[in-house]
Amino acid sequence: MVVGVTVSFVFAAERRQLILEMVRANGAVSLRELARVVQTSEVTVRRDVRALEAEGLLDRRHGGAVLPGGFTRESGFPQKSHLATAEKTAIADLAAGLVEEGEAVVVGAGTTTQELARRLARVPGLTVVTNSLLVAQALAHANRVEVVMTGGTLRGSNYALVGSGAEQSLQGLRVSRAFLSGSGLTAERGLSTSNMLSASVDRALVQAAAEVVVLADHTKLGTDTMFQTVPTDVITRLVTDEPPAQDDRAATELQALADQGVQIAVAGAGGSGGDTVPAGRQPSRRDVPLPGPRRGQAPGAGPQLRSAAAVLGEQPQSERARVADLRRR
């Protein structure tokens, strides 16, 4: 629970001091929660956070504010679970449509992948390999889903198994695709995280998959953290949400990722926020054009843009054959 004191009115200086105290007490606080506590708009709070960031007192991260030092510090699960919840729900709704009956996938640790796992519980015959206790818990009562957990050492801040045990248990594994999240995503470095052990396991998950799908809300776009997990040219698809109109950084980063051959699927954030999408409703989505092939590939060799119907519907026959071949190995 976020620690804070509700006030009826504060001047700018007092408001910013209260914001700073809340961030220091909690490590990370969402803009929505800050606005609620100081009883002002998110626009005003965003302006206050920018002013405090300019003074080096905090950093803007993931739709909120965190203690300074984002390259070495990582928010724990309780803080992350309250950030960009509507966006994560919409992303998970869209990403779940990529998975077919009987498929084998790996799912990494994170609050967005946990949302995805809740939806995968409805896919019959699915096999999910994961190092996340939260992902496993979300699938624990799914009768038609087999869950395979890695070994390793428990990292309590994000309920994930890390270390050499986790990495060794993934050797020789081959699945159709990996679903990963992280702390930041840029076109220059790809997906990154703030923890070295988590980054190492994520790399092992990537090695086990024929395709890599990154789940990242718009607040992570343009954010670069300490340890690279997935280079841009290895990312097959990004599933994200629509950046706000004023967020030029996120929009620019999306186009840069598309320029490098990443397939972009953008989900609306108008979902219910629960485990299911209401009947007859699907999250809105659009695809960003891909101007050219990936770096180092001959013209025409890069991934082709797929329609939204293909993202959420049937896979092409050639892809079905490839996935079937992977299952036989």
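Some housekeeping. Residues are numbered from 1 along each chain as its sequence is written, and side-chain values use heavy atoms, with hydrogens and water left out. Because the model is predicted, local features need pLDDT of at least 70 and side-chain atom pairs count only at pLDDT 80 or more, while totals for chains, interfaces and linings use all residues.

So, how confident is the predictor? pLDDT is its confidence in each residue, from 0 to 100. The chain averages 77, and 72% of the residues score at least 70. Contact here means heavy atoms within 4.5 Å.

Now the overall picture. The chain has 12 helices and 16 strands; these are DSSP runs numbered from the N terminus, helices being H or I with at least four residues and strands E with at least two. Of the 329 residues, 51% count as buried, and buried means under 20% relative accessible area, with a 1.4 Å probe and protein chains only. Among contacts between residues at least 6 apart in sequence, 66% join residues at least 24 apart.

Let's zoom in on helix 2, residues 31-38. Six of its eight residues are buried: Leu31, Glu33, Leu34, Ala35, Val37 and Val38. Just after helix 2, Gln39 takes a positive phi of about 55 degrees.

How do the axes of helix 2 and helix 3 cross? They come within 9 Å and cross at roughly 105 degrees, helix 3 being residues 42-54. The axes are lines fitted to C-alpha atoms over the stretch in contact, with angles from 0 to 180 degrees between N-to-C directions. That makes the two helices roughly perpendicular, a label for angles of 65 to 115 degrees. From helix 2, Leu31, Arg32, Leu34, Ala35 and Val38 meet Glu42, Val45, Arg46 and Val49 of helix 3. The residues of this contact divide into six nonpolar, no polar and three charged. For that count, Ala, Val, Leu, Ile, Met, Phe, Trp, Tyr, Cys and Pro are nonpolar, Asp, Glu, Lys and Arg are charged, and the others, Gly among them, are polar.

Last stop: His218, in the loop between strand 12 (209-215) and strand 13 (227-230). His218 counts as buried because its relative accessibility is 9%. Leaving aside residues up to four places away in sequence, His218 touches Glu87, Thr240, Asp241, Glu242, Pro243, Pro244, Asp247 and Ala250.

Notes: Buried < 20%, exposed > 50% of the residue type's maximum accessible area, 1.4 Å probe, protein only. Parallel < 35°, antiparallel > 145°, perpendicular 65-115°, else oblique. pLDDT = per-residue confidence, 0-100.
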